Amino acid sequence: MLLIDCPWCGERAETEFSYGGEAGITRPKDPAALSDAEWADYLFMRNNPKGAHRELWNHSQGCRRWFGIERDTLTYRIAGTFRLHGKDEG
Amino acid sequence: MTDLSQRRHGLETLVGAHGDREQLSATVTLEIRAAVRQLNLRGDPGKAGLRTAAEEALGQALPVQPNATTAGPHTICWLGPDEWLVLSATPDAANVATALEQALSKHGAAVNDVSGGQVLLHLAGSGVRDLLAKGCTLDFHPRAFAPGACAQSGLAKANVLIRLDEDGEAFDVVVRRSFADYLLRWLRHAA
Amino acid sequence: MKYSALSLLRNALSHNRNWPEAWRSPKPKKKYDALVIGGGGHGLATAYYLARDHGMKDVAVLEKGWIGGGNTGRNTTIVRSNYLWTEAALLYEKSMQLWEGLSQDLNYNVMFSQRGVYNLGHTLQDMRDIERRVSANRLNGIDAEVVTAVQLKKNIPQLNTSPTSRYPILGASLQRRAGVARHDAVAWGFARAADRLGVDIIQQCEVTGIRRDGDGIIGVDTTRGAIDADRVGVVVAGHASVLASMAGIRLPIQSHPLQAFVSEPLKPVLDTVVMSNAVHGYISQSDKGELVIGAGIDAYNGYAQRGSFPTIEHAMQAIIELFPIFSRVRMLRMWGGIVDVAPDACPIISKTPVNGLYFNCGWGTGGFKATPGSGWVFAHTIANDEPHELNRAFDLQRFESGALIDEHGAAAVAH
Amino acid sequence: MARQTNRLGSGGRIDRSRPLRFRFNGRDYGGYEGDTLASALLANGVRLVNRSFKLHRPRGIIGCGAEEPNAILQLGSGAGTLPNQRATQVSLYDGLEARSTRGWPSLRFDASSVNDLFGRVFSAGFYYKTFMFPQRWWDYYEAFIRRSAGLGVAPDRPDPDRYEHRNAHCDVLVVGAGPAGLMAALAAARSGARVILADQQREPGGSLVGSDLPIGGRPADEWIAAVVDELREFDDVRVLTHSIVFGYHDHNFVTIAQECGGDMRERLWRVRARQVVLAQGAFERPLAFCNNDRPGVMLASAVSAYIKRYAVCPGRRAVVFTNNDSAYQCALDLAHAGATVGALVDSRGSVSSELTDRVEAVGIPVLHGHIVTDVRGRLSVGGVRVARWNGDTDARADNSIDIRCDLLAVSGGWNPAVHLHSQAGGAIAWDERRHCFVPAESRQANRSAGSGNGRWSLADCLRDGRDAGVAAARSCGFDAAEPELPVVEERDETPLQPLWRVPAARDPDSCPKQFLDFQNDTCVADVRLAVREGYRNVEHVKRYTALGFGTDQGKLGNITGMAVLAETLGAPVASVGTTTFRPPFTPVSFGVCAGEGVGELYDPVRKTAIHEWHVSAGAAFENVGQWHRPWYFPRAGEDLNSAVARECLATRRSIGILDASTLGKIDVQGRDAVAFLERIYPHKVGRMAVGRCAYGLMLGEDGMVMDDGVMTRLGDRRYYLTTTTGGAARVLAWLESWLQTEWPDLEVYLTSLTDQLSTISVAGPNSRRLLEKLGCSIDLSREQFPFMSMRQADLAGLPVQLFRVSFSGELAFEINVDSAHALALWQTLMDAGREFEITPYGTETMHVLRAEKGFVIVGQDTDGSVTPIDLGLERMLAKDKDFLGKRSLARPDCVREGRKQLVGLLSADGRTVLREGAQLIEEPGAAHPVPMIGHVTSSYMSDCLGHPIALALVAGGRSRHGETIHASLGAGSIATVTIVPPVFYDPQNERQHD
């Protein structure tokens with residue numbers, strides 16, 4: 001069971017969190033302008049690396065914040081957690 | 001017609017035969033504190049004026065450190081960087097919500113009275129830490145969980161807010177109403 | 001040497017000194033007509049059917065570790081074909097038909113045991129979904145029936161059919177032809193049969209690069225040198241994205257840990273397979289007597305072949321909920337596989353933008369049962385550079401067009 | 001009752017003042033408090049305890065702990081029975097009953113031992129090669145295989161015992177309370193660190209328990225007691241005995257199973273440790289010689305342990321066979337216990353004279369350069385054959401002599417218990433000097449110490465443990481001083497001689513069996529056969545021969561087996577590697593892993609504030625998500641259908657009342673509430689006036705319908721949304737995720753009010769009159785309070801929100817009230833409604849009423865592959881804005897002809913209620929696979945309309961109204977149905993707008 005360092009609440013057990021997939025997938029500004037292939041890339045295609053992975057987690061049983069983690073998908077070692085942009089920066 | 005004034009919390013079925021104060025085990029007592037008002041407050045603490053306005057309305061500051069509470073006329077728990085829970089047992093608690101809402105409306109904040117939707121369980125006694133540790137992954141050691149601290153987590157299979165009182169003696173556990181029956185069953189079983 | 005009771009006896013007389021190798025361990029050649037990357041059940045089956053049905057015998061299977069060491073050896077061995085959507089059902093049914101004669105076909109006893117699979121329903125919506133799936137199965141010619149709670153109590157007396165349990169069992173679907181098989185034997189049986197047809201099985205040979213010439217594939221780099229081939233089938237459950245990135249392709253695949261465990265061996269106590277989606281757990285008893293139990297998938301991506309302990313705790317609770325008598329039984333071993341999950345919980349068996357490069361992946365939690373069928377259609381796809389009718393719908397293009405085959409909802413979790 | 005013939009007159013850690021009685025295979029025996037079942041059996045001279053798995057060979061106790069492969073017994077009977085219990089780990093208690101799991105008709109005369117005669121046929125992997133012909137006989141073959149397999153018997157009743165979970169945190173977790181573990185714990189504890197010390201034995205001390213070795217100038221037992229006493233003085237130190245650390249998971253999460261006693265049978269400790277010291281010790285390994293499985297062949301360390309801990313000497317005439325120094329102590333212990341030691345057979349040509357002298361001094365002949373090649377006796381050891389040996393593994397052993405004995409104590413060296421280190425992801429390495437696998441680099445915050453780290457001498461173990469404890473405490477930031485080491489005697493060591501397979505008189509393929517895995521009958525010849533057949537990777541060998549698949553998980557024989565594999569391959573052991581160590585370290589009960597979360601605590605039952613009223617009204621409940629919702633309210637003599645018919649008609653004619661509190665409820669407010677919701681919802685949110693309600697669909701980015709509900713505009717910047725019962729948490733999380741990750745610039749706050757507000761729906765033509773009767777503070781007329789609008793009001797003296805929305809097609813009001821008052825309001829409504837025959841209804845009636853109106857239920861009429869257009873709701877899709885999922889709706893597959901669309905179905909015969917889920921086909925009788933054009937999503941008898949109705953998804957259905965198709969009804973029967981529009985009742989909406 002992972003120990004995840006919530007940027008707000010500190011280290012908590014994995015069971016308090018929910019996983020949100022690859023970080024950095026940004027919703028296209030103008031989806032209508034995209035080809036089907038480009039839209040499919042946004043919707044479905046993922047890097048899924050074996051190794052360092054930047055991913056989103058939500059402290060769903062705690063402060064309900066989304067934040068980022070860089071985690072190795074092979075060793076599960078967590079290199080660090082980071083807050084997302086905007087007003088969460090604090 | 002039913003006399004509604006007599007119905008304060010509708011938790012009678014939870015308390016059941018056990019009364020308002022229940023001895024869960026030799027070392028833990030449980031009290032359901034239905035009279036405490038609970039207000040959920042959301043807003044941006046970085047916004048000029050919001051914290052001041054809240055402090056004026058409540059008579060005490062909002063905690064901005066994670067997992068902290070502030071004490072004063074009320075107990076205010078940090079829930080997230082833009083979310084708090086005001087626990088108020090003052091005689092005019094019913095008016096606090098209105099006052100707060102008025103004070104904060106121009107700061108874009110959201111105030112919701114959630115007293116009817118959450119149940120506050122007060123657990124006291126020397127065995128509380130051990131009892132909580134059966135169902136919660138938080139560290140309740142005095143070094144890790146100081147008096148006045150609060151944290152949200154899971155207790156058994158329910159989401160809860162847990163707060164240690166200022167004396168470091170008793171814990172408040174806040175749970176959503178629909179889970180309260182389950183959580184009480186679990187507490188009685190685990191104790 | 002043909003395997004039989006007679007050959008066992010004959011060899012016993014000579015102290016088992018004269019058994020031949022089940023498969024050779026050849027050095028890789030410089031060039032093959034086709035390469036199959038991945039020496040799991042699917043890869044070995046692909047090679048076998050390439051050689052048997054398509055006359056392609058100059059084929060090598062490249063395995064980075066030891067054959068059958070990936071998900072082939074890390075699953076709960078359930079075989080069934082009662083899928084909801086016609087595309088999936090017909091593919092898995094093809095597989096089922098191959099399973100039914102596989103031991104004889106391979107001359108290797110894969111111990112395919114048709115002891116039936118029950119998919120339990122715990123809610124009214126579960127029962128609607130069961131009706132829907134059973135109805136579809138029958139129209140597709142797949143044996144399926146709806147079983148009531150009363151019948152369940154009779155058929156599986158150990159099952160907790162109490163109406164007062166947290167999620168009472170309201171009924172189930174039953175596929176009698178479904179069952180389990182001996183997972184290692186599947187890999188070994190295909191390996192031996194493919195080897196006898198001339199296929200080179202090359203272990204300890206990890207692919208480190210995929211070589212392209214413009215739009216077409218020309219070969220691969222491996223830890224044992226470069227190997228040329230203008231047709232390469234990739235079937236590496238758990239590592240599809242890793243191989244795809246070598247080829248410069250993006251896949252809609254996420255890899256997750258999936259855990260399972262077995263109990264200590266017990267005298268026969270459960271003679272069928274029971275799966276529950278709502279109370280998440282599935283269970284059967286192996287011929288050795290171990291209860292074989294599948295747990296849930298961990299939500300996060302992972303390649304670690306292990307998972308989170310709370311997932312095991314939850315599976316234990318689910319199994320005790322279904323079978324209270326197993327509470328005092330002990331877990332002997334737990335392990336994790338890596339499953340590649342596609343957005344519609346269906347596989348990708350497809351040509352790719354690179355000519356001569358084919359991918360077979362995304363089987364999620366349901367790959368073992370498909371082993372022979374997957375190999376059979378993949379062999380067809382590689383040999384003809386064109387999908388078979390049975391795998392036409394499982395192409396990569398569907399994620400662009402939106403023609404997903406969504407097995408998420410009604411078909412239960414696809415184990 | 002038998003006499004405890006092997007019990008020594010004094011010594012041991014047993015309590016002779018507390019005699020216990022137990023029963024084994026129907027015979028009564030005696031033992032003492034402090035015994036294990038194994039020690040008590042040995043005390044009573046019981047040799048034969050079981051039969052082996054495949055060959056049914058007679059087997060006795062070989063070890064004294066988790067490595068024991070043979071003494072796997074069934075305990076007790078009935079609900080309390082325990083299968084597969086390892087006698088060496090079962091504490092004896094009064095009245096214990098145990099029996100062997102194999103052996104028919106009796107353990108001594110097992111009919112299946114005929115298998116042993118044909119052992120060569122049952123070689124590794126034999127079943128892959130046979131049972132294939134004729135194909136149809138496989139079922140019989142398999143039934144036979146299954147009957148022969150298995151060890152114990154599962155209970156046939158639910159577990160009467162309880163289990164619990166306990167979370168714990170510490171700075172330093174020390175695993176194993178032997179000399180190294182005690183020193184580590186002491187060092188850490190003195191630094192002020194929070195320490196947990198866990199050990200599987202009933203008392204701390206490990207190999208020192210019962211030992212007469214002096215430590216720090218006093219007997220070992222006293223030293224242990226002093227250390228443990230000191231540890232227990234610390235507030236922040238917890239000493240757990242009877243506690244097996246079985247799992248080392250990610251991020252230093254460690255699981256421990258503790259045996260408790262009483263009706264709380266076991267406790268699972270879920271420990272998060274900052275640092276872990278692994279000091280579990282080492283397992284002694286056997287040697288592979290002919291018939292090395294005969295009852296009476298035991299590990300030397302086990303023999304010593306039985307003598308010292310339990311005052312049991314397992315034999316009278318013993319031979320000791322070793323390749324290392326450690327078994328010399330066993331010879332001394334045997335002599336001390338009064339046994340005759342016929343010989344100490346040491347494979348090494350020369351050994352330090354100090355050691356030899358000590359043994360010879362008590363009259364034990366020492367045979368250097370000798371090996372034991374074979375064992376005489378069948379049901380127990382009768383003697384051994386000993387041969388001279390020059391160290392050449394390929395040599396044939398001849399010129400042998402026989403020595404009579406009833407006990408053979410064997411030591412093939414030691415394997416550090418690297419299991420947890422390996423589980424934690426740490427590397428293990430073959431140590432060429434010590435000839436064993438030792439822990440190499442750690443991947444997590446753990447370090448190994450003591451014999452588990454390849455340290456053999458007591459002095460080394462104490463030092464290694466102390467150093468590990470100090471280092472662990474310092475890593476946690478504690479200022480740890482180094483405790484002084486107790487003085488112990490140091491001896492010269494002669495290195496172990498690597499010996500695995502002992503040369504026999506015949507070659508390894510034809511000599512009598514040399515066992516590696518005792519439980520699975522895996523022999524040296526099996527490993528050699530596997531290699532010959534091409535199964536050369538250690539994992540292949542393991543799986544092909546079942547080596548290490550027994551319930552001891554290879555603790556006894558795995559390393560020896562791998563060394564034999566290496567020898568067969570002609571490769572160094574290091575290159576063969578080892579198989580992966582996986583949790584659990586020893587088998588652990590399902591019950592303790594599950595903990596309290598079974599039965600009524602399996603999953604929370606969520607209850608509305610009105611729940612108890614429903615219970616007292618006799619409602620039948622349905623699980624919806626985690627909620628219990630009333631399904632229907634049967635009156636005496638009613639079944640589902642008749643109750644639902646009554647509830648439906650009552651609602652259509654007068655008033656029905658529904659507890660709709662489980663709906664998800666979300667308060668949305670903030671400066672950018674409109675902008676936010678415009679991006680979420682397909683319809684134009686900003687156009688709504690304050691006080692108005694609208695039906696809202698929520699789409700996933702894939703364009704498929706994800707959830708639905710009603711949205712109400714409460715103010716300029718405030719909305720109130722409802723979601724489906726099952727979707728509440730998911731929708732809130734989904735909305736939050738867009739706000740936080742994608743649109744952080746939007747100032748919007750979401751608050752769940754699902755529990756705060758209870759929702760009571762009153763529906764039916766008399767509902768307005770009912771509210772008026774209760775003294776509603778606002779004008780409820782159609783004109784003042786039109787359909788799809790909302791008002792704040794006082795009702796029966798309570799502040800409420802009233803919504804004119806309808807999910808039944810009738811004039812209806814949804815009342816939101818503070819949950820604290822919900823039950824009271826419900827009762828008030830019931831009382832006041834008596835004159836209208838107000839009728840409570842459940843989810844089933846709700847479903848029928850809405851289906852009559854053609855309202856869909858997301859998750860029932862949709863399945864994740866349905867777009868709003870498929871539901872006929874394209875009018876809700878705003879053309880002039882983007883919203884989530886919009887782009888997906890333009891993909892080729894979403895705009896193609898022939899997509900499945902929502903329609904109504906009527907049975908041609910006007911009577912048949914279709915089965916929900918039934919597939920729809922064009923014509924009956926087509927060949928398989930029959931093309932399916934859709935399926936029935938909802939189907940009910942409509943008593944209001946007097947005929948059955950159904951909703952369905954049908955390919956191209958909207959353009960097929962009036963056409964006839966067929967529904968498959970299960971076992972071959974077919975119903976003819978007509979496609980109609982999906983609204984059956986009041987298509988003009990006159991009633992709900994009333």
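Axes are lines fitted to C-alpha atoms, for helices over the stretch in contact, and angles run from 0 to 180 degrees between N-to-C directions. Helices (H or I, at least four residues) are DSSP runs numbered from the N terminus. The model is predicted: local features need pLDDT of at least 70, side-chain atom pairs count only at pLDDT 80 or more, and totals for chains, interfaces and linings use all residues. Residues are numbered from 1 along each chain as its sequence is written, chains are lettered from A and ligands numbered from 1 in the order in which they are written, and side-chain values use heavy atoms, without hydrogens and water.

In chain D, helix α11 (residues 524–532) and helix α12 (residues 538–545) have axes that come within 10 Å. They cross at roughly 125°. α11(D) and α12(D) are therefore oblique to each other (angles under 35 degrees count as roughly parallel, over 145 as roughly antiparallel, 65 to 115 as roughly perpendicular and the rest as oblique). Contact means heavy atoms within 4.5 Å. From α11(D), D526(D), V527(D) and A530(D) meet V541(D), Y544(D) and T545(D) of α12(D).

A second pair in chain D joins helix α17 (residues 640–653) and helix α22 (residues 843–852). Their axes come within 9 Å and cross at roughly 55°. α17(D) is therefore oblique to α22(D). On the α17(D) side, the contact is made by L640(D), V644(D), E647(D), C648(D), T651(D) and R652(D). α22(D) contributes E844(D), T845(D), V848(D), L849(D) and E852(D).

Methods. Helices (H or I, at least four residues) and strands (E, at least two) are DSSP runs, numbered from the N terminus.
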